Amino acid sequence: MTGNKISTGDASGDLRPHLWRNARLATLEQQKLGLGIIEKGAIVTENGRLTFVGPEADLPVAAIERAQITDLEGRWVTPGLVDCHTHIVYGGNRAREFEMRLQGATYEEIARAGGGIVSSVKATNALSVEGLVEAALPRLDTLLSEGLTTIEIKSGYGLSVDGELKMLRAARRLERVRAVRVVTSYLGAHATPVEYKGRNADYITDVVIPALQNAHAEHLVDAVDGFCETIAFSTAEITRVFDRAAALGLPVKLHAEQLSNLGGAKLAASYKALSADHLEYLDPEGARAMAEAGTVAVLLPGAFYAINEKQKPPLQALRDAGAHIAIATDCNPGTSPLTSLLLTMNMSATLFGLTVEECIAGVTREGARALGLLDETGTLETGKSADFAVWDVESLAELVYRIGFNPLHAHVFKGERIDH
């Protein structure tokens with residue numbers, strides 16, 4: 001895949017409003033029932049924004065007279081897809097660890113033997129910013145080919161001040177070479193490098209907090225993340241990082257309750273975190289705390305599948321608590337080498353029991369909510385960024401039901417159709 005380019009649809013540079021008519025819309029507006037379906041709908045875009053979303057019969061006459069027109073021939077339209085948890089910037093791969101897992105080794109055993117996250121550090125640090133961008137582009141392009149318009153990208157494989165900053169610079173660079181919205185998360189508290197083994201506190205003092213401050217000064221970081229787990233960092237250690245994030249005015253999120261229940265989700269909720277992610281070992285109290293704080297539960301079926309986990313996240317407890325639920329690829333070299341949000345939806349339904357509505361909302365509206373971007377994208381509503389995907393399907397359930405099939409007809413980012 002050679003990437004994507006922007007097509008205005010008019011070689012003359014026509015800047016008139018653009019009318020996308022004869023569509024079946026899934027707006028995902030919260031005030032509408034279900035997916036917010038509008039049969040025989042239309043969208044008008046102008047200057048990168050949505051200026052009309054509704055029944056075609058309600059279109060203002062002036063909008064029809066002035067606009068460029070694209071007939072979508074009855075196709076389904078959803079908001080552009082949002083991948084709210086990825087690690088796509090990295091070097092190398094961990095195929096050998098995949099083999100080890102096939103031979104019976106657990107994720108925790110591999111990590112304690114020097115594999116896992118730390119094994120990606122050397123390969124990542126060996127690459128320049130340009131090298132990291134080049135390595136990430138095939139993964140990003142694959143996601144874009146499925147209608148992605150917004151992606152979160154974490155650091156966390158540098159584990160040094162320079163290494164973490166380099167990853168964040170590469171993430172920012174991707175937004176300049178592809179038509180996509182990038183949100184960066186600083187994840188210095190992802191693992192402890194070999195030279196700091198057994199000295200998490202020193203690593204936080206010497207590396208995590210200084211790198212965070214530098215990243216903030218360079219405008220490289222949109223949110224701060226951490227990995228709260230027995231093989232990573234305790235709640236007390238994460239608290240130090242979150243306190244510094246709060247002092248800098250940065251929102252937080254957390255990898256929590258993936259392998260055990262350390263109370264990470266409750267900690268995240270106490271900081272009104274954007275999200276807490278993984279959550280296989282979340283308890284009902286943690287689910288309620290998240291719901292009360294507005295912290296989105298991000299479920300990651302790719303990691304569950306790849307490490308052959310048996311403990312499923314407590315979906316019903318999250319529903320009962322009223323928590324918002326997003327889903328994401330968790331694209332990373334070791335435990336979720338997944339670059340498909342369509343497959344992520346199928347996995348979420350098949351492995352976790354999410355409904356079609358929950359899956360589609362999870363990669364649009366709730367994904368945007370988990371990034372703090374719901375005012376900008378994630379639904380089809382007047383005033384928001386004109387980000388949407390057009391699908392060759394008879395029903396929206398096909399987006400979740402199919403495996404290894406991409407029915408994308410077209411996708412639009414900030415009002416411009418993107419050619420692949």
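I took buried to mean under 20% relative accessible area, exposed over 50%, and partly exposed in between, with a 1.4 Å probe and protein chains only. The model is a predicted one, so I noted that local features need pLDDT of at least 70, that side-chain atom pairs count only at pLDDT 80 or more, and that totals for chains, interfaces and linings use all residues. Residues are numbered from 1 along each chain as its sequence is written, and side-chain values use heavy atoms, with hydrogens and water left out.

Entry 1, aromatic pairs. I let rings of Phe, Tyr and Trp (its six-membered ring) pair if their centres lie within 6.5 Å, with planes under 30 degrees apart counted as stacked, over 60 as edge-to-face and the rest as tilted. By that rule I found six aromatic pairs in the structure. One of them joins Trp 20 and Phe 388, edge-to-face, at 5.3 Å centre to centre and with 85° between the planes. I placed Trp 20 in strand β2 (residues 18-26) and Phe 388 in strand β15 (residues 388-391), so this pair ties together parts that are 368 residues apart in sequence. For such elements I used DSSP runs numbered from the N terminus, helices being H or I of at least four residues and strands E of at least two. Both Trp 20 and Phe 388 are buried.

I then looked at Phe 304 and Phe 352, whose ring centres are 5.1 Å apart and whose planes stand at 75°, so this pair is edge-to-face. Phe 304 belongs to helix α11 (residues 301-306) and Phe 352 to helix α13 (residues 341-352), so the link is between parts 48 residues apart in sequence. Phe 304 and Phe 352 are buried as well. I also noted one aromatic cluster, formed by Tyr 196, Tyr 203 and Phe 233.

I used axes that are lines fitted to C-alpha atoms, for helices over the stretch in contact, with angles from 0 to 180 degrees between N-to-C directions. Helix α6 (residues 161-177) packs on helix α7 (residues 200-217) at an angle of about 40°, the axes being 9 Å apart. On the α6 side the contact (heavy atoms within 4.5 Å) is made by Val 161, Glu 164, Leu 165 and Leu 168, and on the α7 side by Asp 206, Val 207, Pro 210, Ala 211, Asn 214 and Ala 215.

For helix α5 (residues 129-144) and α6, I noted axes that come within 9 Å and cross at roughly 55°, which makes α5 oblique to α6. Among the α5 residues that meet α6 are Val 129, Leu 132 and Ala 136, and among their α6 counterparts are Lys 166, Met 167 and Arg 173.

Where does Ser 185 lie? I found Ser 185 in strand β9 (residues 181-189), buried with a relative accessible area of 0%. Leaving aside neighbours within four places in sequence, the contacts of Ser 185 include Glu 152, Leu 168, Asp 225 and Lys 253. Gly 92 is in the loop between β7 (81-83) and α2 (95-102), and is partly exposed, with a relative accessible area of 48%.

Conventions
Parallel < 35°, antiparallel > 145°, perpendicular 65-115°, else oblique.
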